[in-house]
Amino acid sequence: MISISILFSFIYFINSNNNLTFYNKDFEIYQKNLVHFFILIVSILIIGFIGELFIAYNITTYVSNGNRIINKLNNSNHDNKYTPKGSIILELNTLELSVFKLYENFRKSYKSLKTDEIKYRTLVENIDNMIYSISPEGIVLSINKSFERVLKRNRNEVIGKHYKIFFNKIESFYFNDKYFKEAIVSKEKVVFNYSYIEEDITKYVLVSFIPLLNDKNEVIMIIGYDLDISELIYTQEKIDKIHENEKIKLEKILQKQKIELEKTMEELLEKEKLASLGSLVSGVAHEINTPIGTSLTTSTYMEDLINKNKTLILNGKLSKEKFITFIDNLEESSIILTSNLIKAAKLVTSFKKISVNQNHDEMQLFNLNEITNEVILSLKHEYKNTKTKILLNCDDSIAIMNFPGSFSQIITNLIMNTLKHGFTKNYDGIINIDIIKKDNKINIIYSDNGRGIEEHILPKIFNPFFTTNRNTNSSGLGLNIIYNIVTGQLNGNIKCTSIPFEKTSFIIEFPLNNSNIDL
């Protein structure tokens, strides 16, 4: 095409040149010009033809290389590298290099993807758990070797068929189909479990349906993952059974220890009561020793006085004046003797009542003022040589049907707790006991001005065996006994407040009509 263009251009050039004409009269000149013209034309044609062949060769070479690359891509042959050849035409060379780079990048990416595919396919195929893929229409797209083993079918028998082929029972299919549809609609992972019987053994399976979405957020397939959790379930059942057996054993041990502890507590409480009673006996014995001793001395003096005056009478030497003196001395001694004997009798009576009530406590009607005074009197030996004062404020008419021994035990333990832990030897201690009847309830407000109880100790004071004075052989059961009596036997409640070295108060409240009393 290039030579033809040149030929036509040259003819046009001849026609336009006056020196070259086919109508020259000089024939020789005409012939020479014609030969020269012919040679020139042939040369131009040869050169044009060679140029066209060269250009056509380069173009067909690049086209052929491009076709070869495309054929390799179509045939998925990405292993052989392609080295571009140089070109004299810059545009074609640039195109060739671009195609080459695109091909090389694609070849590397494809090789990497192929390697990853082999890895993941190997993993999926050889994992012990069942993995499969299903189309949104329920058609099985793929299954792994584990699923073939469980189904006992070749994958060629399963792939392309509806996934209900997995199930022997129609109800099991509908159960799974419900979650399959849920995964498609929600486009989110759905996890559930089911069980089936195989060779008389119950199998448990945990199933995960994972939807795979395309760029349009449409579900293109469901990836299924079935995990056999039978061993886990059976192991858990074994653990639960062992736990249950151990729990039963532990409960038996705890019950046995509880019975032993309750028995020990009863013995300790009994010992504490006996110790309290023993202290009371010792105190009463000490207290009663004074009036009895005084009475004995007075009676001895009266005996001597009578014997002397008897001798005077027998000898006739008793004058009227001496007789009157004798009568006066006898009367005075009689008053002293009577006073001390009454005091001793009161102590004995008080001790008798308290000891009987604490050891054989039965429900009965009693006066709160009287029993409280009796307790205070029976404990006088504990504080008579100190500056302690006990002030009672209680209406004389308050009488209740309850347990007098329990009530006296409360007052006794409260007073002894104050004397042991609240007051020092020379402390000007004051104990106030206010007993009030209000709204069918009895309120006892016991307070002292002793050293008090620290705030962090207050929550512990009613705990058994808790004491801040272990060096004095304190058992730590005094306040615990009070708490048990108030909350248990009297069906009431007790609380304590304390401001150190100002005021410590125990507030006790229990119903006037005790529901714990079996009438």
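Is Lys181 buried, partly exposed or exposed? What we have here is a predicted model, where local features need pLDDT of at least 70 and side-chain atom pairs count only at pLDDT 80 or more, while totals for chains, interfaces and linings use all residues. Residues are numbered from 1 along each chain as its sequence is written, and side-chain values use heavy atoms, with hydrogens and water left out.

Now, Lys181 is partly exposed, with a relative accessible area of 49%. For us, buried means under 20% relative accessible area, exposed means over 50%, and partly exposed is in between (1.4 Å probe, protein chains only). The side chain of Lys181 meets Asp177 in a salt bridge, at 3.1 Å from N to O. That term asks for a side-chain nitrogen of Lys or Arg within 4 Å of a carboxyl oxygen of Asp or Glu. Both residues sit in helix H6, residues 170-186, four residues apart, about one turn of the helix. Helices here are DSSP runs (H or I, at least four residues), as are strands (E, at least two), numbered from the N terminus. Asp177, though, is buried, at 9%.

The whole structure has four salt bridges. Another one joins Lys387 and Asp428, with the closest N and O atoms 3.9 Å apart. Lys387 is in the loop between helix H10 (380-383) and E7, and Asp428 in the loop between H11 and E9, so this pair ties together parts 41 residues apart in sequence.

One more to find on your screens: Glu148 and Arg155 pair at 3.2 Å, N to O. Glu148 is buried at 18%, whereas Arg155 is partly exposed at 21%.
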